[in-house]
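Biologist: I have the model open and would like to go through it piece by piece. Can you take some questions?
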Amino acid sequence: MDRVADITVVRLEGISKSFGAVKANDAIDLDIRAGHILALLGENGAGKSTLMSILAGRFRPDAGRILVDGRETVLSSTKDAIRAGIGMVYQHFMLVPTMTVAQNVLLGQEGGFWLNRGRMEARVAELAEFFGLAIDPAATVSELSMGERQRVEILRLLARDSRVLIFDEPTAVLTPPEIVHLFAALKSMANRGKAIVFISHKLEEVLSLSDDIAILSRGRVVDRVETRVVCSKAELASRMVGREVFLEVEKEPLPPGEVVLEMSGVTGFGLKEVSLTLRQGEVLAVVGVAGNGQKALVETVTGFRRPATGKVNILGREWTEFFRNPDWKHALAYIPEDRLGLATCPNLDMVDNVLLTTRQGFTRGPFMEHGRARQVTADMVRDFDIQPARIATPAGKLSGGNLQKLVLAREFYRAPRLIVAEQPSQGLDVKATEEVWRQLLAARACAGILLVSGDLSEALQLADRIAVMFRGRFMDVFPVSDTAKVEAIGLAMAGVGAGH
Amino acid sequence: MTIDLLIPLLAATVQAGTPVLYATLGEMVTERSGTLNLGVEGMMLVGAFAAFLASTATGSPWVGFVAGGLGGLGLAAVHGLVTIVFTGNQVVSGLALTILGSGLAAYLGTPYVGANTPGFGHLPLPLLADIPVLGPVFFRHDALVYVSYVLPVLIWLLFARTRLGLALDAAGENPAAAKAAGLSVPGLRWLGVLAGGFLVGLGGAYLSLSYTHLWTNGLAAGRGWIAVALVIFAFWRPGRAVLGAYLFGGVMAFQLRLQASGTVLPSSLLLMLPYVLTILVLLLSSIRGRVKNAPAALGANVEPEG
């Protein structure tokens, strides 16, 4: 198909950008073409977000040129980028929740002094219809789902006739049907001549959606490839890390030890009759579509929520008794999904973040032993290969993978006997995922692991047994060796065919 | 109470409520664009003094009125400098402004205490003033009162119907979103702070030019703080600000009448009434259903673009 296409809308030439000693972008060349979906793939900290922020006018490059329609253009503010027809949908939506869809779409647009609410809404409705982004223009944003909010963001760019639309991990917050919807809309926009840039970690998404793939690593474009010549996820993954990736980790079953977690008939807060037994040396993966009670399960086991009915025994102690005075060591560790919110304090350095859950091990009378804590943190940084290796780095400055490694290092320092890991590899690149998986498997030696994951391949890689959750209930619990049941997980996740 | 007693009381209510209305609307504009300015009391006093000085010097009350606004604006500019340019703490800066403004007005104003101002005279509006009841209550005042009738409508129009109002609201609700939409958040906040300061200054001007017609120290008498409270009571909506201001004005007028009638109640207690009532009303509206509509980013500074 000979599309409007193939016209390069934006060309980046030799873009470099450093933050202190870190070269985030190093002489990057990139063409963004009309009618094409370009995927930017790369590990955390590879420089994707920096590059796109430069394009969206948030940062100025240290060196290099940006050509828009062949003319050199300086993008020194968001406004400049918008004028040049470049718009970005951020991971965290930039919307005003108290305003309506139409108000958000038209916010900051040039135009007359007065607003005409009717005309405003009609225009947004028309745009939404044209690009297949169904939405009520009069709805207040705070009442919308994440998928709908994303549509508002997209509409805002379209309303300004943006020709280059950049999406920073757009599927991270969406449900599967919303992802399907988004992809259809992206393809329709590309077919109408828009240039789409799609930043993602998820290989299958990149393969199914994009026309071209640019792979970034350590601030450079290391590979450019047309999607149709890529055969498989494995090939893409290996191109990405520059070595053969085995997203398979070796796992030898360990003999099950004593029971570390026992739940029976736990009901309430969205849970229905949940019963399970977890032994030391074992990984029990809870899978299911997000929002089917996983949160309540995790919060019950980790002590955030008192179980309404039913019994929970942790390390042989009844729930109330266990949490009345839990031991900091040899007990329970929690690896939350929300790394920067729940697991760490972004503005505290690595040492203080380590102390958040291990401080009981560093006290002498009323005093903290900071010297020893620094030493221990430095050991963690070395053992877990955390970058940058400076222990005074604030947690918020670490990339997702390095932050997760810090959290794991901290939690494993407590030598836990029960580990609750929630989406431990979400948002991590292949290499970091692999490391996290290895660490978790190693931790089995003295602990039982309750793994809650939305990623089926992760569950299959790590688990000894799998529990499928649907509407607060365990549909089925079976060993991972039971291939027939593994095949039917998808159905069970959709609530079909209750196993018992 | 007969209607003959009620009408003067209501007319006095409007007069007593007007300065608070100006100040409340001013603080509302500032807060909706995301800046909390607790210096209202100080800005009012400086506005009152600037208005007095300018009208005495020129003999024109209108020049005084505008000078009052500029006085408030000038003090608000200090707040803008501290909070928008240097991202200083908004609460601290606002409190300092109140102290500075009160001190400045007292220091500069002491030599003039007791001096009369060529203020605004009564200007009954033709036809409207002759309407029974409504006429004497609303339409036999001075020009500044009439300006204050139009102001809430204009401010409502600004926020509900104009692009600029939408942008100001965005700066107060989610500055990051406003920036992503290509708006200049510092610019919008400057506008909110200065416009708000101007309106607060006008409220001060009303005090010296219309309400008392003479200069004394401490003219604002806590009305600036009342305005800060009324913004919350008003849920950041101009319509409710009118209600709040006249409620305060009503009790103020009522207690003045009561004092004049020679009651045995101590005057200090009566003077407290409007303030106590404001606290009560604020308390009740806060209990009934949380404080609504507060701009989400109110009081949060925005790092300058770099």
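Biologist: In β8(A), which residue is the bridge partner of Leu38(A)?

Modeller: Val197(A) is the bridge partner of Leu38(A) in β8(A). Before going on, note that this is a predicted model, where local features need pLDDT of at least 70, side-chain atom pairs count only at pLDDT 80 or more, and totals for chains, interfaces and linings use all residues. Residues are numbered from 1 along each chain as its sequence is written, while chains are lettered from A and ligands numbered from 1 in the order in which they are written.

Biologist: Fine. How many bridges join β3 of chain A to β8(A)?

Modeller: Five, between β3 (residues 37–42) of chain A and β8(A), and the two run parallel. Strands here are DSSP runs (E, at least two residues) and helices are DSSP runs too (H or I, at least four), numbered from the N terminus. Two strands pair if DSSP finds at least two bridges between them.

Biologist: And how does β7 of chain A run relative to β8(A), parallel or antiparallel?

Modeller: Parallel: five bridges join β7 (residues 164–168) of chain A to β8(A). Phe167(A) has Phe198(A) as its bridge partner in β8(A). Strands of a sheet pair through backbone hydrogen bonds, either parallel or antiparallel.

Biologist: Why is β8(A) described as largely enclosed?

Modeller: Because six of the six residues of β8 (residues 195–200) of chain A are buried, the strand is largely enclosed by the rest of the structure. Buried means 20 or more other C-beta atoms within 10 Å of the residue's own, exposed means 12 or fewer, and partly exposed is in between, with C-beta atoms placed from the backbone. Both faces are covered, with Ala195(A), Val197(A) and Ile199(A) on one side and Ile196(A), Phe198(A) and Ser200(A) on the other.

Biologist: What about Leu55(A), buried or exposed?

Modeller: Leu55(A) is buried, with 26 other C-beta atoms within 10 Å. Leu55(A) belongs to helix α1 (residues 48–55) of chain A.

Biologist: Which residues does Leu55(A) touch?

Modeller: Leaving out residues up to four places away in sequence, Leu55(A) touches Val10(A), Ala81(A), Ile86(A) and Ile166(A). Contact means that the C-beta atoms, placed from the backbone, lie within 7 Å.

Biologist: Back to strands. Which residue in the turn between β9(A) and β10(A) has a positive phi?

Modeller: Arg218(A), at about 45°, in a hairpin with two residues between the strands. β9 (residues 212–217) and β10 (residues 220–226) of chain A pair in the antiparallel sense over six bridges. Ile215(A) stands opposite Asp223(A) in β10(A).

Biologist: How is chain A divided into domains?

Modeller: Domain 1 covers 8–241 and domain 2 covers 259–493. Those bounds come from an automatic or database domain assignment. The C-alpha centres of the two domains of chain A lie 33 Å apart.

Biologist: What is the strand order in the six-stranded sheet?

Modeller: The order is β16-β19-β20-β13-β21-β22 (chain A), in an open sheet with mixed pairing. β16 (332–335) and β22 (473–479) of chain A are the edge strands, each pairing on one side only. Twist averages 15° from one strand to the next. Inside that order, β13 (residues 283–287) and β21 (residues 465–470) of chain A pair in the parallel sense over four bridges, and Val287(A) stands opposite Val468(A) in β21(A).

Biologist: And the sheet of four strands, what order does that one have?

Modeller: β12-β11-β14-β15 (chain A), also an open sheet, with antiparallel pairing. The edges are β12 (271–279) and β15 (317–318) of chain A. Six bridges join β11 (residues 259–268) of chain A to β12(A), and Met263(A) stands opposite Leu276(A) in β12(A).

Biologist: Now chain B. How many of its residues are in contact with chain A?

Modeller: 18 residues of chain B are in contact with 16 residues of chain A. α7(B) gives the most to that side of chain B, with six residues. The residues on the chain B side divide into 10 nonpolar, three polar and five charged. Ala, Val, Leu, Ile, Met, Phe, Trp, Tyr, Cys and Pro count as nonpolar, Asp, Glu, Lys and Arg as charged, and the others, Gly among them, as polar.

Biologist: Last one: which residue follows α2(B)?

Modeller: Gly59(B), with a positive phi near 80°. As for α2(B) itself, 16 of its 19 residues are buried, so the helix is largely enclosed by the rest of the structure.

Terms used:
Two residues are in contact if their C-beta atoms, placed from the backbone, lie within 7 Å. Axes are lines fitted to C-alpha atoms, for helices over the stretch in contact, and angles run from 0 to 180 degrees between N-to-C directions.
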